[in-house]
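Subject: Structure handover

Hello,

Please find the structure below, together with its sequence. My notes come after it.

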Amino acid sequence: MLACTIHAKDDLRIESAATPEVGPGEVLVRLGAGGICGSDLHYYYEGRNGSFVIREPLIPGHEASGVVAAVGAGVTRVKVGDKVAVSPSHACGRCDYCRQGREQLCANMKFLGSASLFPHVQGMFREYFVMGERQCYPVAGDVSLGELAFAEPLAVALHALNRAGDLLGKSVLITGAGTIGCLTVMAARLAGAAQVTVSDVLDRPLAKAREVGADVTVRADRDAEALASPQFDAAFEVSGSFAALKTCVAAAKKGARIVQVGTLPHEPLPFVVNELMAKELDLCGAFRWGIEFDWAVRYLSARRVDVRPLLTGQFPLQDAVKAFALAKDKTQSTKVQVVCV
Ligand SMILES: [Zn+2]
Ligand SMILES: [Zn+2]
């Protein structure tokens, strides 16, 4: 089988690897679609994602769907031929955080396609991979494998919404109109936000945000005035830019909540503590997701959230280099996927 492996910065190879075997309770999945995420791009083009540095070859990919190819002894949740969304989160289920229902904070987390641990936890950009049964969510109906591979990023957006609290009737700012930004737009509408404003520094992402339900879009670089005064009840910083976080702080009404979703560059940052204090802002983080993955699978399979406008293109796994290049170019793409055909 083929596997896409990042050896170091700018060094991505398509290699052949042995097809893994299933053990008891395990499922062999053939990749359907795998979405290229910002973190995959960071690993490829920078050799690191925030503080997680590549120290050995890493198979990226944590946004995947597939088809069950074989099941091990005792597996009951799925059968051969089932279409599945795959959760990349292996939380231990036993630590305090897991027991409190915050598995994304698990003290023993193994997250697929991440260099946060050493040895790295290998990801899903490969023809076949083995998963524990509970990582596989079978789905019926005509939702495509490409749509199902949005379960992970949609879960990120839903979790960010959960961190923000009740949005019914509220005005919301989202800085960043990439995949997560656009999914946050859709999630905010599901949650009853009265008005959703999105900022970005490129036109194409903003057009996408409007297409999926943003009421107002702002070119943050050209029209900074539009976001200079307090007007939002909640803000989501999705772009991973400190300038955007400052925009959120300035544009938040007193008492508002700001949710940091994006990963900022790995460098010391000046901070905005006085504004937090004087406006009684709540600034909180949203990291991955927990139960929201289950919700995301349901929203996608019922098309309560229709992600099709966000899927720019699909490339065979062999063409991963081309796929990454398109995924990196935000003037051309929103979500790009590698697929097994
Ligand atoms: Zn991701
Ligand atoms: Zn745990």
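The notes below cover the metal site, some individual residues, a helix, the backbone and the salt bridges.

This is a predicted model, in which local features need pLDDT of at least 70 and side-chain atom pairs count only at pLDDT 80 or more, while totals for chains, interfaces and linings use all residues. Residues are numbered from 1 along each chain as its sequence is written, chains are lettered from A and ligands numbered from 1 in the order in which they are written, and side-chain values use heavy atoms, with hydrogens and water left out.

Zinc site

The zinc ion (ligand 1) has C37 (SG), H62 (NE2) and E63 (OE) as its protein donors, at 2.1 to 2.7 Å. Donors here are N, O and S atoms within 2.8 Å of the metal (3.2 Å for Na, K and Ca); water is not among the atoms, so sites may look incomplete. Along the chain the donors follow the spacing C-x24-H-E. H62 and E63 are both buried, where buried means under 20% relative accessible area, exposed over 50% and partly exposed in between (1.4 Å probe, protein chains only).

R219 and D200

R219 belongs to strand β14 (residues 216–219), and D200 to strand β13 (residues 195–200). Helices (H or I, at least four residues) and strands (E, at least two) are DSSP runs, numbered from the N terminus. R219 is buried, with a relative accessible area of 15%; D200 also counts as buried, at 13%.

The R219 side chain makes a polar contact with the side chain of D203 (3.1 Å) and reaches the backbone oxygen of V201 at 3.3 Å. A polar contact is a pair of N or O atoms within 3.5 Å; within protein, one must be able to donate a hydrogen and the other to accept it, and residues adjacent in sequence count only if both atoms are side-chain atoms. The D200 side chain, for its part, reaches the backbone nitrogen of A177 at 2.8 Å.

Leaving aside neighbours within four places in sequence, R219 is in contact (heavy atoms within 4.5 Å) with D200, V201, L202, D203, L206 and A224. With the same exclusion, the residues that D200 touches include G176, G178, P205 and V218.

Helix α7

In helix α7 (residues 242–251), the buried residues are F242, A244, L245, C248, V249 and A251. These pack against β12 (171–175), β15 (232–237), β16 (252–260), α8 (273–278) and β17. The N-terminal end of α7 is capped by S241, which has a side-chain oxygen 3.2 Å from the backbone nitrogen of A243.

Backbone

The F118 to P119 peptide bond is cis, with omega near -5°. P119 sits in the loop between β9 (110–111) and β10 (128–132). L117 is in the loop between β9 and β10 and counts as partly exposed, at 33% relative accessibility. Beyond four places in sequence, L117 is in contact with M109 and K110.

R288 is not a glycine, yet has a positive phi near 50°. R288 lies in the loop between β17 (282–285) and α9 (292–301) and is buried at 15% relative accessibility. R303 likewise has a positive phi, of about 55°, without being a glycine.

Salt bridges

What does a search of the whole structure find in the way of salt bridges? There are 14, a salt bridge being a side-chain nitrogen of Lys or Arg within 4 Å of a carboxyl oxygen of Asp or Glu. Three of them follow.

- R13 and D11 meet at 2.8 Å, N to O. R13 is partly exposed, with a relative accessible area of 37%, and D11 is partly exposed at 22%.
- R303 and D142 meet at 3.5 Å, N to O. R303 lies in the loop between α9 and β18 and D142 in the loop between β11 (136–139) and α3 (145–148), so the pair ties together parts that are 161 residues apart in sequence. D142 is exposed, at 61%, while R303 is partly exposed, at 26%.
- E211 and K208 meet at 3.1 Å, N to O. The two are three residues apart in helix α6 (residues 203–211), separated by about one helical turn. K208 counts as buried, at 13% relative accessibility.

Salt bridges that share partners also join D142, E147, R303, D306 and R308 into one network.

Regards
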